[in-house]
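The sequence and structure come first.

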Amino acid sequence: MPSKKALIRRPGPRLAEGLVTHLARTPVDTRLAAEQWETYAAALDRHGWEIFEVEPADVCPDAVFVEDAVVVFRNVALIARPGADARRDETPGVEEAVARLGCSVNWVWEPGTLDGGDVLKVGDTIYVGRGGRTNADGVRQLRAVFEPLGARIVPVPVASVLHLKSAVTALPDGTVIGYEPLVDSASLFPRFLPVPEEAGAHVVLLGGPKLLMAASAPKSAELFAGLGFDPVPVDISEFEKLEGCVTCLSVRLRELYA
C-alpha cells in the first residue's frame, strides 16, 4: 500500500524576513501565518496523512517551506543544497526526519545547488527546474541518484518564477497544470492544462480526487471540480506574500516501504 506521511515544519519567529525574489515585499502577519499553518496541517491530517514535525530552525526565516530541503523518490532521499546561502541551515533537521522514517539518505555537494521546490514528480518522470536556485550540477547530481532507481529526469528552464513548482504542478492523472504567463516551457509536458489564476497552478494530491489548493484560486477550483476533482481550499495568504504555495509547506512521502 502507498504510504501517506507528510513532513511539516512550524513557521519561526523570523518568518516575515523570508526571501522574496519576484514579488515586492509586503508585511507578513506572523500570528495569522501561524493560524494558517495549523489549518494547513489539519487539512493533511483530516485526509489521512500521518504528520511528522521537523525540528524547528528558527534562525532561518524560510524554514517553514520544508519541501525545499529534500527530494524523495521511492525510499531514497536527496538532501538539497539550497541555492540561497541563507537557507543552508534548514537541511539538518529534515535530514534527521527522513532518516528516522527509514529513507536512504544522499546529499547534493558543492558546487551543486538544488531546491526541492524545483522538482516535480509525475509517475517515474522527474522534472527539474533549472534556474535561479537549482544549477546544472545540482541537476546532474539528482540524475545520478535517481536514474538508477528508474526515474527519467527532464530539466526545465525556469526564469519567470522562483521555483518550477511555483509555475506548475500535476493532477492525479498526470496532467501538468500551470498559469501560462509564468510557464517558460509548456511544450516539455506531454499533457498541459492552463489555469486561470497563478495560485491555481499549485495542488497537493491528498488521495483519490481530492486536491489541496490555495483559497485564492476559486476559478481554478471551479475548473478542477468540472473535471471531476474535489478541491480542498486552504487560506495561505501570508505565505503567498513570500512566494510560498501549498506544495512547499510539506514533503509528501508516498512510496516508503518497510
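The lining of the largest pocket has 15 nonpolar, 6 polar and 9 charged residues; here Ala, Val, Leu, Ile, Met, Phe, Trp, Tyr, Cys and Pro count as nonpolar, Asp, Glu, Lys and Arg as charged, and the others, Gly among them, as polar. The model is predicted: local features need pLDDT of at least 70 and side-chain atom pairs count only at pLDDT 80 or more, while totals for chains, interfaces and linings use all residues. Residues are numbered from 1 along each chain as its sequence is written, and side-chain values use heavy atoms, with hydrogens and water left out.

On a 1 Å grid over the protein atoms alone, a pocket is an open set of points with protein on both sides within 12 Å along at least five of seven lines, a cavity is a set where a 1.4 Å probe fits but cannot get out, and lining residues have an atom within 4 Å of a point. A volume is the space filled by probe spheres set on the points, which are joined across faces, edges and corners.

Of the 30 residues lining the largest pocket, Lys 121, Val 122, Leu 205, Arg 252 and Arg 254 lie nearest its centre. At least two lining residues come from each of the strands β3 (70-73), β6 (119-122), β9 (168-170), β12 (204-207) and β15 (251-253); strands are DSSP runs of E with at least two residues, helices runs of H or I with at least four, numbered from the N terminus.

| Space | Volume |
|---|---|
| Largest pocket | about 640 Å³ |
| Second largest pocket | about 250 Å³ |
| Largest cavity | about 140 Å³ |
| Second largest cavity | about 60 Å³ |

The second largest pocket is lined by 17 residues, with Leu 23, Glu 198, His 202, Glu 240 and Glu 243 nearest its centre. The largest cavity has 18 lining residues, and Asp 68, Leu 162, His 163, Glu 243 and Cys 248 are the closest to its centre. Its lining holds 6 nonpolar, 5 polar and 7 charged residues, whereas that of the second largest cavity holds 10 nonpolar, 1 polar and 1 charged.

Helix α1 (residues 30-46) has 17 residues. Its buried residues (under 20% relative accessible area, 1.4 Å probe, protein chains only) are Ala 33, Gln 36, Trp 37, Tyr 40, Ala 41, Ala 43 and Leu 44. They lie on the same side of α1 because they cover an arc of only 155 degrees around the axis, taken from the directions from the helix axis to the C-beta atoms. On the other side, Arg 31, Asp 45 and Arg 46 are exposed, that is, over 50%.

Note on methods. The expected span of a helix is 1.5 Å times one less than its number of residues.
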